Amino acid sequence: MAGRRSGSALVALVVLLVALTGCGGRSAADSATADVQRLLDRRAEAVVDRDARAYERTGRGTDFADLRAVPVAAWSYRVTAVRRTGDTATADAELRYRVAGYDEAPVTTGRTLRLSRDAEGRWSVVTDRPAKKSAQQLWDQGAVHLVRGRHSLVLGVGQSGQSLRDFADLADRAVPAVSDAWGTDWSRRVVLVVPKSLEGMAGLLGSPASSYRGIAAVTTGETGPRTRAPADRIIVNPDAFALLGGLGEQVVVTHETTHVATRARTTAATPLWLSEGYADWVGYRAAGRTPVEAAPELSRAVAEDRVPTALPDDEDFGFTGDASRLARSYESGWTACRMISDRWGEARLGAFYRAVGEHRERAGAVEEALRKALGTTPDAFTREWRTYLREQLG
């Protein structure tokens with residue numbers, strides 16, 4: 001009898017576990033995850049199809065009108081976690097999307113969605129926001145407007161149509177200028193993103209606004225061979241950009257476009273003095289500015305007999321709030337690249353840049369490239385650069 005009672009208790013426990021788990025079927029959490037994934041699959045399909053009604057049937061969150069203008073070639077969610085409390089839930093998801101004609105691979109970003117379930121058991125989106133530690137997307141900041149140029153795509157929020165057209169014109173002049181200097185072995189098209197303010201720029205970069213105050217634009221992207229990487233984005237700080245004159249605007253956009261063109265040949269071995277200096281060299285190449293005009297901070301240092309003893313380190317390019325130090329770093333890189341162009345020729349400057357980027361790590365990269373492309377050594381190059389500064393800026 002004792003044995004039969006133990007057996008009965010075991011059977012009852014098994015029955016209870018079957019009832020709770022479904023005997024190998026999905027748990028409540030598994031069911032919610034699958035249901036939410038299906039919901040987001042429908043939402044993604046509606047975005048690609050530009051079907052506002054189908055999108056709205058999946059719930060709220062991002063207003064469909066805010067992202068309607070974005071030329072999406074692909075859009076998908078992958079649910080990574082669902083935390084459910086009764087008829088509400090919070091889902092973590094990975095959003096992947098491609099901009100048609102520009103992205104070779106998807107942009108990937110984290111999203112956090114709050115959901116609710118109705119009386120019939122159907123889930124819908126309540127909010128759709130950037131996940132913790134993930135940057136905003138442009139449509140998180142309002143309705144996106146689009147302008148297409150010959151070589152560019154400009155996406156903006158809170159900007160007039162004429163303002164976006166002006167950015168497209170700047171980019172359309174920058175692309176052929178960069179190709180003339182660097183060559184045509186790049187995509188020869190750029191994406192500019194223009195938020196409403198500095199704060200909007202910071203949100204797109206996932207960093208404090210103080211990090212970019214006074215910086216007119218930055219380029220985001222992955223360095224190294226572009227096998228399956230999405231297109232670079234030139235993100236504009238409209239507050240700082242508004243302070244530039246026409247020439248300054250063109251120099252900035254051409255500088256950033258140079259980063260797009262050189263990205264595949266820019267690696268961990270490439271020092272910032274070279275990547276930033278080369279971009280400035282291309283930006284100023286046809287600007288008609290004298291060295292003193294283009295490098296005022298460095299000119300002041302040379303005039304005060306404070307000629308730099310070495311090219312700047314990567315740390316010198318940090319946005320620390322010391323505007324003069326940052327300017328001297330950029331100007332130092334520019335003058336070094338300008339010297340190579342003047343004394344060895346533009347083709348050798350491009351060859352030097354590519355030679356440095358062929359290395360996988362920093363150690364020895366510049367030294368070997370100086371020897372192979374320019375036939376010199378780091379010490380000799382630095383001495384010649386310091387002499388060049390006195391000649392050009394003194």
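Start by selecting strand 2, residues 88-99, and show its side chains. Strands are DSSP runs of E, at least two residues long, numbered from the N terminus.

A quick word on what you're looking at: this is a predicted model, where local features need pLDDT of at least 70, side-chain atom pairs count only at pLDDT 80 or more, and totals for chains, interfaces and linings use all residues. Residues are numbered from 1 along each chain as its sequence is written, and side-chain values use heavy atoms, leaving out hydrogens and water.

Two strands count as paired if DSSP finds at least two bridges between them. Click on R96 and you'll find T108 of strand 3 opposite; E94 stands opposite G110, also in strand 3.

Now bring in strand 1, antiparallel to strand 2 over twelve bridges. Here W75 sits opposite Y97 of strand 2. Follow the hairpin between strands 1 and 2: two residues separate the strands, and G86 takes a positive phi near 60°.

Finally, show the whole sheet: it's open, with four antiparallel-paired strands in the order 1-2-3-4. Strand 1 (72-85) and strand 4 (123-130) are at the edges with a single partner strand each, so one side of each has no neighbour in the sheet.
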